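Here are my notes on the charged side-chain pairs in this chain. Please read them alongside the sequence and the model.

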Amino acid sequence: MTKSSGTILDGDSRPEGVSESRRRGSEGAGTEPRSRPKVVMYATSWCPYCARARELLEQKGAALEEIDIEATPAARMDMMSRSGRRTVPQIFIGETHVGGCDDLLDLDAGGGLDKLLQTGVTNDE
């Protein structure tokens, strides 16, 4: 059970504005599933930077919890409190605040995104 913006999430029942993207590239057959860090992205439905970040995370096989800050107004305050920023997207992998789309793309270009998605730890930690 996860608590998000004052709403308890249990199983697949999610409040309006919270979705989970399709899972691609999940663990291979015959291997035990690994516990991967939770990936959360605060976004809006119309933001092109959100779409680009979503696309990259889905290509990497991340199970993405997307929180629409327009559909859930309290989520905007939660996002600003957690990130210190007002713009979308704001991406968190595990307890690490990645930042926005450009930050995510830079992390991927530097080779750190795959490790962070696997372990929740960046090369800097």
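1. The model is a predicted one. Counting a Lys or Arg side-chain nitrogen within 4 Å of an Asp or Glu carboxyl oxygen, there are 6 salt bridges. Three of these pairs are taken up below.

2. E65 and K38 form a salt bridge through their side chains, with an N to O distance of 3.1 Å. The two residues lie 27 residues apart and join distant parts of the chain: E65 belongs to strand β5 (residues 64-68), and K38 sits in the loop between β3 (18-20) and β4 (39-43). E65 is buried, at 8% relative accessibility, whereas K38 is partly exposed, at 39%.

3. In the salt bridge between E66 and R54, the closest N and O atoms are 2.6 Å apart. This pair also connects distant parts of the chain, with E66 in strand β5 and R54 in helix α1 (residues 48-59), 12 residues apart. E66 counts as buried because its relative accessibility is 11%, under the 20% cut-off.

4. D114 and K60 pair through a salt bridge of 3.0 Å, N to O. Here the separation is 54 residues: D114 is in helix α4 (residues 112-119), and K60 is in the loop between α1 and β5. Both partners are partly exposed, D114 at 40% relative accessibility and K60 at 27%.

5. The contact between D114 and K60 should be read together with D108. A network of salt bridges links K60, D108 and D114.

Terms used:
Residues are numbered from 1 along each chain as its sequence is written. This is a predicted model: local features need pLDDT of at least 70, side-chain atom pairs count only at pLDDT 80 or more; totals for chains, interfaces and linings use all residues. Side-chain values use heavy atoms; hydrogens and water are left out. Helices (H or I, at least four residues) and strands (E, at least two) are DSSP runs, numbered from the N terminus. Buried means under 20% relative accessible area, exposed over 50%, partly exposed in between (1.4 Å probe, protein chains only).
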